[in-house]
Amino acid sequence: MIIKKVLNNNVIITENQKGYEVVAMGCGIAFRKKVGDTVPDSAVDKVYTLTNHNMLENFKALLAELSLDYMETANEIIDLAERELDRKLNDKIYISLMDHLHMAVQRYRDGIKIRNMMLWEIRRFYTKEYKIGQQALQIMNAKFNIELPDDEAGFIALHIIDGQMETEQPMANNIMHMIQELMNIVRYTCKVEFNKDSLQYYRFVTHLKFFAKRVFTGQVSTAEVDEEMAEMVEKKYAVAHQCVEKIAAFVESNYHYKINGDERFYLMIHIAKVIRTN
């Protein structure tokens, strides 16, 4: 491999056999080397081929800032996820996960704690991804000599969930279209305009994003919410409950997906919260 650019002692920019620019990683592969020098293939541990130019540029900028530890840890977690899920994750997870790991470690060392308000939903709807997140937590704690809370396993799971989403047509467009449809149902049923700067709005959109993915991939939760609890919440949030019933009818009619008790319960909670802040 011929070096096109040195990012640090362990990372270089080079080209693959097809002439595409790639990022190559290996311990000390760029030590005392310069542009135009050759690096033997045997010295390279990992090659990243990101097809999107902007994504590649962002990846390069991130690699230039972070230590090799974060790159290696992200790579180990991604490899683990791809083995457990038996599928390839999309390119953007290399950027998002690596950046997240760095921020998580820095927050821990600065004594900053952030709660994952979607942890219960992640555990229930994405059991595989959550278990991978727990394993990732063990990897991170051992690597950086820290003790991250279980909330972090949920955050990592979200990155893995997002990494399974298609970045190209048609999935992304379908998801965005459905989100707009469901938000319009909420807007007109509850007679509300959303505060797009609120935390509740962000959580609601995030929930809808993953809900839409489940609809298009046919993934259904097998667990059920306690009936007594569900009835209490329905009475307390009558408007949100009415809105969920409309959403359920719409989704079943237009997308042939039957929303179960779990889905209805969490949609109701999110809708109740987002309309309460407006």
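Q: Which residues are linked with Lys 4 in a network of salt bridges?
A: As a general idea, side chains of opposite charge can pair when their charged atoms come close. In this predicted model, the network joins Lys 4, Glu 15 and Glu 21. Lys 4 meets Glu 15 in a salt bridge, with 3.4 Å from N to O. A salt bridge also pairs Lys 4 with Glu 21, and there the closest N and O atoms are 3.4 Å apart.

Q: Where in the chain do the partners of these bridges lie?
A: Lys 4 belongs to the segment before strand 1 (5-8), while Glu 15 is in strand 2 (residues 11-15); the two are 11 residues apart and link distant parts of the chain. Glu 21 is in strand 3 (residues 21-25), 17 residues from Lys 4, and this pair likewise links distant parts of the chain.

Q: How many salt bridges does the structure hold, and what can be said of the one between Glu 82 and Lys 88?
A: The structure holds 13 salt bridges. In the bridge between Glu 82 and Lys 88, the closest N and O atoms are 3.7 Å apart. Glu 82 is buried because its relative accessible area is 16%, whereas Lys 88 is exposed because its relative accessibility is 55%.

Q: How should I read a nonpolar core, and which residues touch the most other members of the largest one?
A: In soluble globular proteins, nonpolar side chains tend to be buried together. Here the largest nonpolar core has 87 residues, and those touching the most other members are Val 23, Phe 59, Met 71, Met 98, Phe 211, Ile 247 and Ile 271. Helix 2 (residues 68-85) gives the most to this core, with nine residues. Another core, of seven residues, lies apart from it and includes Ile 3, Ala 24, Ile 29 and Val 44.

Q: What does Met 71 touch, leaving out residues up to four places away in sequence?
A: Met 71 touches Val 11, Val 23, Met 25, Tyr 48, Phe 59, Leu 63 and Met 98.

Q: Which residues line the largest cavity, and of which classes are they?
A: The lining consists of Met 118, Glu 121, Ile 122, Phe 125, Tyr 126, Leu 158, His 207, Phe 210 and Arg 214. Six of the lining residues are nonpolar, one is polar and two are charged. Helix 4 (119-125) and helix 8 (199-217) each supply at least two of the lining residues.

Q: Where is Glu 263, and with which residues is it in contact beyond its neighbours within four places in sequence?
A: Glu 263 is in helix 11 (residues 261-276). Glu 263 counts as buried because its relative accessibility is 0%. Beyond those neighbours, Glu 263 is in contact with Phe 125, Phe 211, Arg 214 and Tyr 257. Among these contacts, Phe 125 and Arg 214 also line the largest cavity, and Phe 211 is one of the residues touching the most other members of the largest nonpolar core.

Q: Is Asp 262 buried or exposed, and how far apart in space are Asp 262 and Phe 125?
A: Asp 262 is in helix 11 and is buried, with a relative accessible area of 0%. Asp 262 and Phe 125 are 137 residues apart in sequence, and their C-alpha atoms are 8.7 Å apart in space.

Q: What is the phi of Asn 145, and what is the phi of His 256?
A: Asn 145 has a positive phi of about 55°, although it is not a glycine. Asn 145 lies in the loop between helix 5 (127-144) and helix 6 (150-163), and it is exposed, with a relative accessible area of 71%. His 256, also a residue other than glycine, has a positive phi near 55°. His 256 is found in the loop between helix 10 (238-255) and helix 11, and at 71% relative accessibility it counts as exposed.

Definitions and conventions. Residues are numbered from 1 along each chain as its sequence is written. This is a predicted model: local features need pLDDT of at least 70, side-chain atom pairs count only at pLDDT 80 or more; totals for chains, interfaces and linings use all residues. Side-chain values use heavy atoms; hydrogens and water are left out. Helices (H or I, at least four residues) and strands (E, at least two) are DSSP runs, numbered from the N terminus. Buried means under 20% relative accessible area, exposed over 50%, partly exposed in between (1.4 Å probe, protein chains only). Contact means heavy atoms within 4.5 Å. On a 1 Å grid over the protein atoms alone, a cavity is a set of points where a 1.4 Å probe fits but cannot get out, and a pocket is an open set with protein on both sides within 12 Å along at least five of seven lines; lining residues have an atom within 4 Å of a point. Ala, Val, Leu, Ile, Met, Phe, Trp, Tyr, Cys and Pro count as nonpolar, Asp, Glu, Lys and Arg as charged, and the others, Gly among them, as polar. A nonpolar core is a set of buried Ala, Val, Leu, Ile, Met, Phe, Trp, Tyr and Cys residues joined through side-chain atoms within 4.5 Å. A salt bridge is a side-chain nitrogen of Lys or Arg within 4 Å of a carboxyl oxygen of Asp or Glu.
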